[in-house]
Amino acid sequence: MAGLVKMAAGGLRHRVTLQSPTYATDDAGAHVPTSWTNAATVWAKVEPLSDSMRAQAAQAYGSMSHRVTIRHYSAIQSDWRVLYGTRQLYLVGPPRNVDEQGVYMELRCDEGEVIA
């Protein structure tokens with residue numbers, strides 16, 4: 001098949017859990033995630049992409065971005081997160097249907113707390 005992405009045997013070797021948020025309204029009226037529900041545990045390929053340091057409110061924050069590739073899972077939304085061991089990877093955009101074939105999805109994630 002032309003254009004079909006092929007994953008090498010063993011390419012999806014990391015076990016991750018996809019989680020969806022439950023929202024509540026805080027005192028300022030903002031919708032914030034208050035809890036997370038396990039939606040699925042799947043095999044994935046987790047690749048670190050870049051890291052950075054930044055200063056905010058006189059504190060240094062480090063962040064690491066990742067690309068997480070999974071088999072296609074149509075329910076996933078851009079506000080979900082990925083648990084990778086004890087690490088929390090937050091999606092930073094919509095899931096990408098790799099090559100529009102409906103076989104693999106690519107999730108761009110940042111590790112750590114989401115700062116809006």
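Residues are numbered from 1 along each chain as its sequence is written, and side-chain values use heavy atoms, without hydrogens or water. Because the model is predicted, local features need pLDDT of at least 70 and side-chain atom pairs count only at pLDDT 80 or more, while totals for chains, interfaces and linings use all residues.

Arg 81 sits in strand β4 (residues 81–84). Strands are DSSP runs of E with at least two residues, numbered from the N terminus. Arg 81 is buried, at 9% relative accessibility. Buried means under 20% relative accessible area, exposed over 50%, and partly exposed in between (1.4 Å probe, protein chains only).

The Arg 81 side chain makes a polar contact of 2.6 Å with the side chain of Gln 19. Another, of 3.1 Å, joins the side chains of Arg 81 and Tyr 90. Such a contact is a pair of N or O atoms within 3.5 Å; within protein, one must be able to donate a hydrogen and the other to accept it, and residues adjacent in sequence count only if both atoms are side-chain atoms.

**The aromatic pair**

The whole structure holds two aromatic pairs. In one of them, Trp 36 and Tyr 90 have ring centres 5.9 Å apart and planes at 70°, so the pair is edge-to-face. Rings of Phe, Tyr and Trp (its six-membered ring) pair if their centres lie within 6.5 Å; planes under 30 degrees apart are stacked, over 60 edge-to-face, the rest tilted. Trp 36 is in strand β2 (residues 31–56) and Tyr 90 in strand β5 (residues 87–91), so the pair ties together parts 54 residues apart in sequence. Tyr 90 is buried at 9%; Trp 36 is partly exposed at 22%.

**The nonpolar core**

The largest nonpolar core has 16 residues. Such a core is a set of buried Ala, Val, Leu, Ile, Met, Phe, Trp, Tyr and Cys residues joined through side-chain atoms within 4.5 Å. Leu 18, Val 68 and Leu 107 are among those with the most contacts inside it. Strand β2 gives the largest share, four residues.

**Salt bridges**

There are three salt bridges. Each is a side-chain nitrogen of Lys or Arg within 4 Å of a carboxyl oxygen of Asp or Glu.

| Salt bridge | N to O distance |
|---|---|
| Arg 67 – Glu 47 | 3.0 Å |
| Glu 111 – Arg 87 | 3.0 Å |
| Glu 106 – Arg 96 | 3.2 Å |

Glu 106 is buried at 13%.
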